[in-house]
Amino acid sequence: MELTNSQEEYIKTIYILSKTEKEIRVTDIAKRLEITKPSVNRAMKNLKDIKLLNYEAYGKINLTKEGEKIAKEILKREDVLKLFLNKILDIEEKQAENEAISMKHAISQETEEKLEKFINKVLNLGDLDCDYDETSEKCKNCVKITAKNRLIKDTI
């Protein structure tokens, strides 16, 4: 399923909000994305029509199983790009994050998978014996620290 850049941002935002909020409403999404509530309402209707979320006017919003799967893929693609830009190309973290957000819309799943394999090979992250969760800040920090330590070790 081919989603627009803005649809991907809505899906990602709903997923992230679902990890911290009991209920997600149009207002929460509008505030987070800094857009109008009518824009969010239109997007929610479109995403509901393609069965990526459950939503009734003035009601709570949640992702379907397919919507959640897509959100995780979007976040993973963004994380892989950020890791590549920051740890391999040595781009400052905030700039790497901003560029990864833009770039994630332009690469295919195949490219993302190959980039991830490359990063794992260069940073030697394939031996991490854990249940990595791309939404967990603890996991992201662990990978950052491990990658940084291994890069330092390789340059010594």
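Where in the protein chain does Glu112 sit? Glu112 is in helix α6, which covers residues 109-123. Helices here are DSSP runs of H or I with at least four residues, strands are DSSP runs of E with at least two, and both are numbered from the N terminus. Keep in mind that this is a predicted model, where local features need pLDDT of at least 70, side-chain atom pairs count only at pLDDT 80 or more, and totals for chains, interfaces and linings use all residues. Residues are numbered from 1 along each chain as its sequence is written, and side-chain values use heavy atoms, with hydrogens and water left out.

**The overall layout**

- The protein chain has seven helices and two strands.
- Read from the N terminus, the order of elements is α-α-α-β-β-α-α-α-α.
- The chain has 156 residues, and 38% of them are buried. Buried means under 20% relative accessible area, exposed means over 50%, and partly exposed is in between (1.4 Å probe, protein chains only).
- Take the contacts (heavy atoms within 4.5 Å) between residues at least 6 apart in sequence: 55% of them join residues at least 24 apart.

**The nonpolar cores**

- A nonpolar core is a set of buried Ala, Val, Leu, Ile, Met, Phe, Trp, Tyr and Cys residues joined through side-chain atoms within 4.5 Å.
- In soluble globular proteins, nonpolar side chains tend to be buried together.
- The largest core here has 23 residues, and the ones touching the most other members are Ile11, Ile14, Ile29, Met44, Leu53 and Ile61.
- Two or more residues of this core come from each of α1 (5-18), α2 (26-33), α3 (37-49), β1 (53-55), β2 (61-63) and α4 (65-88).
- The top contributor to this core is α1, with five residues.
- Ile14 touches Ile24, Ile29, Met44, Leu53, Ile61 and Leu63, once you skip its neighbours within four places in sequence.
- There is also a second, separate core of 11 residues, with Phe84, Ala96, Ile107 and Ile119 among them.

**A closer look at helix α1**

- This helix has 14 residues and reaches 20 Å from its first C-alpha to its last, close to the 20 Å expected at 1.5 Å a residue. The expected span is 1.5 Å times one less than the number of residues.
- Helix α1 is mostly covered, with 10 of its 14 residues buried.
- Thr13 is a part of α1 and counts as buried, at 5% relative accessibility.
- Setting aside residues up to four places away in sequence, Thr13 touches Ile29, Arg32 and Leu33.

**Salt bridges**

- A salt bridge is a side-chain nitrogen of Lys or Arg within 4 Å of a carboxyl oxygen of Asp or Glu. By this rule the count is 14.
- Lys72 and Glu68 form one of them, with their closest N and O atoms 3.7 Å apart. They are four residues apart in helix α4, so about one helical turn separates them.
- Both ends of that pair are partly exposed: Lys72 at 31% relative accessible area, and Glu68 at 29%.
- Lys76 and Glu116 meet in another one, at 3.1 Å from N to O. Lys76 lies in α4 and Glu116 in α6, so this pair ties together parts that are 40 residues apart in sequence.
- Lys114 and Glu110 pair up at 3.3 Å, N to O. Salt bridges with shared partners also join Glu9, Lys12, Glu78 and Lys104 into one network.

**Back to Glu112**

- Glu112 is buried yet has no salt bridge.
- Its nearest side chain of opposite charge is Lys76, 4.4 Å away. For charge, Lys and Arg count as positive and Asp and Glu as negative, while His and the chain ends are not counted.
- Beyond its neighbours within four places in sequence, Glu112 is in contact with Lys76, Arg77, Val80 and Ile107.
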